[in-house]
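Grab a pencil and get ready to look around a protein model. Below are some exercises, each with a solution worked out step by step.

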Amino acid sequence: MSDHQPPFRGTELGAAAHGLAELPPLVQVAECELLRRRMAAVARGEAVLLHIGQGAAPAPAPSEGSLGERLGMLLQLANVLTYATALPVIRIGWMIGQGTGVRSAREMYDGSARALNLIRAAIAGWSPDRRRTHDRIRAFAAGSERGARHRDRAEETARGLAFLRACGVDPDRLAGGEFFVGHEGLLPDYEVALTRFGGDQRPYATSGHLLWMGDRAGGVDGTLVEHFARIRNPIAVGLGPTTEPDQVLGLLDRLDPCREPGRLTFVLGAGAGRIRDVLPTLVEKVTAEGALVCWVSDPVRGNADRTSKGWSACRFDRVLDEARAFVEVHQALGTHPGGVSLDTGGQRATGSATGRAELPGGPLSGDQSLDLVFTLAEAYRGRAGADGPLSSNDTAAAIATAKLRPD
């Protein structure tokens, strides 16, 4: 970040968002700084990112049940990924921000505050049935053709999680219960109004820990990019199959001129048919610039198409193909596949484990999400050359879990 750049001032705020400047921050500066350190670990290859919720914006006032479903699903997926990779998993959810039906900046703030209160209460008091993850994994392995393909790995993972609990490590409280939130910054005035200063007098966005910039953000000189260049939060940038290397390098220079590890996360949804062509060039160009960024796969968005009814749908076999290819490309380049972003509706979401997720926005079902994470885990293990049973990871996973206690 260019530290000499001053933040936006109140006179630049739109009238609709101006009142938010007097309200409490949604997230704390110290939490944003903690995520900066966690993202630096991902960029160095010392951790993996699991992000849920990129494909569909949250409702303006999510219910406790819907949030609990998504949070429970994220914890299960993080358990599997942590155990299989023997790396700490950084958990981020898109559960606040611009939601469907939001009509004002204040409504957006109030809905986000309510969601955060529910999330924090759930994390602080999380007391699931100790066998929930174990039984869910076994049910997945026994319940479908796709699950049967992961049966041996699933059984080993379930036994490994039981081993961790016997050692006094609770997989449902990974990294001391850390959980981060982020959203796409669609409204610059809203983001500016919720900018606060840390003890070092540097500006932080307190609307979320991780701020996203999508395809609609405009060029390198756009208003949103200008604001993101000033704040200290980690920044995620969505990339697609037609993203040009020069565009990525321009954003790199604008948003990460000092080349801070983990400052930038590039989230690529290229499509199964394009990722082997698109990703190597982007990684090589960014690496040549001396940048240590987080590379994250978004295979659901990358393979979305339209049904005859106009819904966004995903061919799930293509989703799995892109996830595997993402890891394999990084393996060939000697770089770290930083993680995955996916949209899951929780355990009750519909969708065949072998076909399409034919829902608006294409959220994956619980079985599809587990299938994707097991597929990724196998790809990671192939990358490390560890083709033996997952039980060899028991001690390593316990150590990885303990690595990221709150500083």
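**Getting your bearings**

The protein chain has 15 helices and 12 strands. Keep in mind that this is a predicted model. Buried residues account for 59% of the 407 residues in the chain. Take the contacts between residues at least 6 apart in sequence: 80% of them join residues at least 24 apart.

**Exercise 1: the barrel**

Task: Work out in which order the eight strands of the closed barrel run, and how they pair.

Solution: 
- Step 1. Follow the strands around: the order of the closed barrel is 1-2-3-6-7-8-9-12.
- Step 2. Check the pairing, which is parallel.
- Step 3. Zoom in on one pair. Strand 6 (residues 210–213) and strand 7 (residues 235–239) run parallel and are joined by three bridges. Here M213 has V237 of strand 7 as its bridge partner.

**Exercise 2: strand 12 and its partners**

Task: Find out which strands pair with strand 12, and which way its residues point.

Solution: 
- Step 1. Start with strand 1 (residues 48–52), which pairs with strand 12 in the parallel sense over four bridges. In this pair, L50 stands opposite V340.
- Step 2. Now take strand 9 (residues 294–297), which runs parallel to strand 12 and is joined to it by two bridges. V296 stands opposite G339 of strand 12.
- Step 3. Recall a rule: side chains in a regular strand alternate between the two faces of the sheet.
- Step 4. Compare with strand 12 (residues 339–342): G339 and S341 point one way, while V340 and L342 point the other way. Whichever way they point, all four are buried.

**Exercise 3: helix 11 against helix 13**

Task: Describe how helix 11 and helix 13 cross, and say which residues make the contact.

Solution: 
- Step 1. Recall what you need: two packed helices are described by the angle between their axes and the distance between the axes.
- Step 2. The axes of helix 11 (residues 275–288) and helix 13 (residues 316–333) come within 10 Å and cross at roughly 40°.
- Step 3. Helix 11 and helix 13 are therefore oblique to each other. The crossing is right-handed.
- Step 4. On the helix 11 side, the contact is made by I275, R276, L279, P280, V283 and E284. Helix 13 brings in E322, A325, F326, E328, V329, H330 and L333.
- Step 5. Sort the contact residues by class, and you get eight nonpolar, one polar and four charged.

**Exercise 4: around helix 10**

Task: Work out how helix 9 packs on helix 10, and what covers the buried residues of helix 10.

Solution: 
- Step 1. Helix 9 (residues 223–230) and helix 10 (residues 245–255) have axes 9 Å apart and pack at about 45°. That angle makes helix 9 oblique to helix 10.
- Step 2. V225, E226, F228 and A229 of helix 9 meet L251, R254 and L255 of helix 10. In this contact, five residues are nonpolar, none is polar and two are charged.
- Step 3. List the buried residues of helix 10: P245, V248, L249, G250, L251, L252 and L255.
- Step 4. See what lies over them: the cover includes strand 6, helix 9, strand 7, strand 8 and helix 11.

Conventions
Residues are numbered from 1 along each chain as its sequence is written. This is a predicted model: local features need pLDDT of at least 70, side-chain atom pairs count only at pLDDT 80 or more; totals for chains, interfaces and linings use all residues. Side-chain values use heavy atoms; hydrogens and water are left out. Buried means under 20% relative accessible area, exposed over 50%, partly exposed in between (1.4 Å probe, protein chains only). Two strands pair if DSSP finds at least two bridges between them. Axes are lines fitted to C-alpha atoms, for helices over the stretch in contact, and angles run from 0 to 180 degrees between N-to-C directions. Angles under 35 degrees count as roughly parallel, over 145 as roughly antiparallel, 65 to 115 as roughly perpendicular and the rest as oblique. A crossing is left-handed if the near helix is turned anticlockwise from the far one by less than a right angle, and right-handed if clockwise. Contact means heavy atoms within 4.5 Å. Ala, Val, Leu, Ile, Met, Phe, Trp, Tyr, Cys and Pro count as nonpolar, Asp, Glu, Lys and Arg as charged, and the others, Gly among them, as polar.
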